[in-house]
Amino acid sequence: MTIFPAALGLLAFTAATTAFAAPTTKSCIELLVPVPVKATNIEYNIPRVDSTIDEVNWAINVTTWSSSNYTERIIRNITIDQAFNIHTKLCVPTKTTAKSSILQILTAGNGFDKRYWDAEVNPAKYNYIDAALAKGYSVLAYDKLGCGKSSKPNAYTHVQIPSEVEVLAGLTRLVRSGKLVTSSKINSPTASHSKIPDIFKSFKPNKIVQVAHSYGSVLLQALLAQYGNTLTDGAILTGFLLSSQIGVNNVAHFDHDFPRESDPARYGEYGSGYIFLSNKPTLQKLFFAKDGFEEKLLDYTEKIKQPETVGVYASEGTLQFAAAGGYTGPAMIMVGELDYPTCNGNCTGTNMLEFTESLFPTGKNNLTFHLEPGTGHVLTLAKSADKVAERIMRYLDDNGL
């Protein structure tokens, strides 16, 4: 998904250190978490997508200059009040550290599930989860609603921005309460609650850092605006910039297919209204900058790519980028210098700084921007992934997290 870029006027270009050693003392568990969600979504008048031909028609229909705008497409409000099964991976250091009571919750962008943070290729360089664990943090990564191993509800009415914000909020509340593990199903044929280590049964972090990428950062900013300090002690928004180039590249710029038709073996469970990025050239255009990635990571991205929903795109109009007046904690906004969807290929000098600072009125003194040189939209799978992770950990440490 083309994401709303964050501001870039005053960016630090300081050098970062290098790769992390993979942690040797970590313990991980996969959980299927029933997350209660209450949200007001909207039914929109948009074309149905039941084939790749339909997808092309939809993309043109919603982006043509003379098409109906957001408000003209609204049919009615829809109340979402149900629990969705959200697949998560919780990892903790096996030995108590100074930071093991700080949990990083990781939200990926569109086109990815939690494996964006958990790369199988050269993990010492590209695996963000391992990088965080190596610094002593606990980590929770999850598949967003409608992708990976999470619930895949109606792509038109249920998987929209308001409901996805509430998924993140609900998941965070469960973590804060200490009930995440006890309220979940252990996602393993051989595991059960009676067999899992005590470290998980009693897991309740003291502080929560929200780390997000791209569309995930859009959800995080909305979370901060709605819930302030209640659910977040620190925020890292990557692949995000409120840029003067925002909206230049819309969804029609990037080829999509209908998943069930294009690759039924991998995506047969995705029904009407789900779309996914077509091929490696499209993935490269959207996610990577020339000379800023290894080809094997492009292959890996093709392997793990995930569907999106037309409902998410339709609901972009619900985003008003409200000020996070109740959030006073540290916030870092990080974007690749050569991010194509965010800044039309060059983020230098495109930062709408005053607008961004207005979103953090009580915490703008804690707001930091960073432009990662030579890097595209994807950060954890770029050549600079280890430097990006190190910079994030250093920022958190400098801010008492």
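Predicted model: local features only at pLDDT ≥ 70, side-chain atom pairs only at ≥ 80, totals over all residues.
Contact here means heavy atoms within 4.5 Å.

Residues are numbered from 1 along each chain as its sequence is written, and side-chain values use heavy atoms, with hydrogens and water left out.

**Sheet**

Helices (H or I, at least four residues) and strands (E, at least two) are DSSP runs, numbered from the N terminus. Two strands pair if DSSP finds at least two bridges between them. Nine strands form an open sheet with mixed pairing, in the order β5-β1-β2-β4-β3-β6-β7-β11-β12. β5 and β12 are the edges; each has a single partner strand, so one side of each lacks a neighbour in the sheet. β1 pairs with β5 in the antiparallel sense, over two bridges. There, Leu32 has Lys185 of β5 as its bridge partner.

**Helices on the sheet**

Axes are lines fitted to C-alpha atoms, for helices over the stretch in contact; angles run from 0 to 180 degrees between N-to-C directions.

| Helix | Strands touched or crossed | Angle |
|---|---|---|
| α4 | β1, β2, β3, β4, β6 | about 140° to β1 |

Helix α14 spans residues 385-398 and reaches 20 Å from first to last C-alpha. That is close to the 20 Å expected, taken as 1.5 Å times one less than the number of residues. Buried means under 20% relative accessible area, exposed over 50%, and partly exposed in between (1.4 Å probe, protein chains only). In α14, 10 of 14 residues are buried. Among them are Asp386, Glu390 and Arg391. Just after the helix, Gly400 has a positive phi of about 75°.

**Cores**

A nonpolar core is a set of buried Ala, Val, Leu, Ile, Met, Phe, Trp, Tyr and Cys residues joined through side-chain atoms within 4.5 Å. The largest has 68 residues; Leu90, Leu140, Leu180, Ile333 and Phe360 touch the most other members. α4 gives the largest share, eight residues. Apart from this core lies another of 45 residues, including Tyr116, Leu133, Ile236 and Val378.

**Gly148**

Gly148 sits in the loop between β4 and α4. Gly148 is buried, at 14% relative accessible area. Beyond neighbours within four places in sequence, Gly148 contacts Asp113, Asp143, Tyr270 and Gln306.
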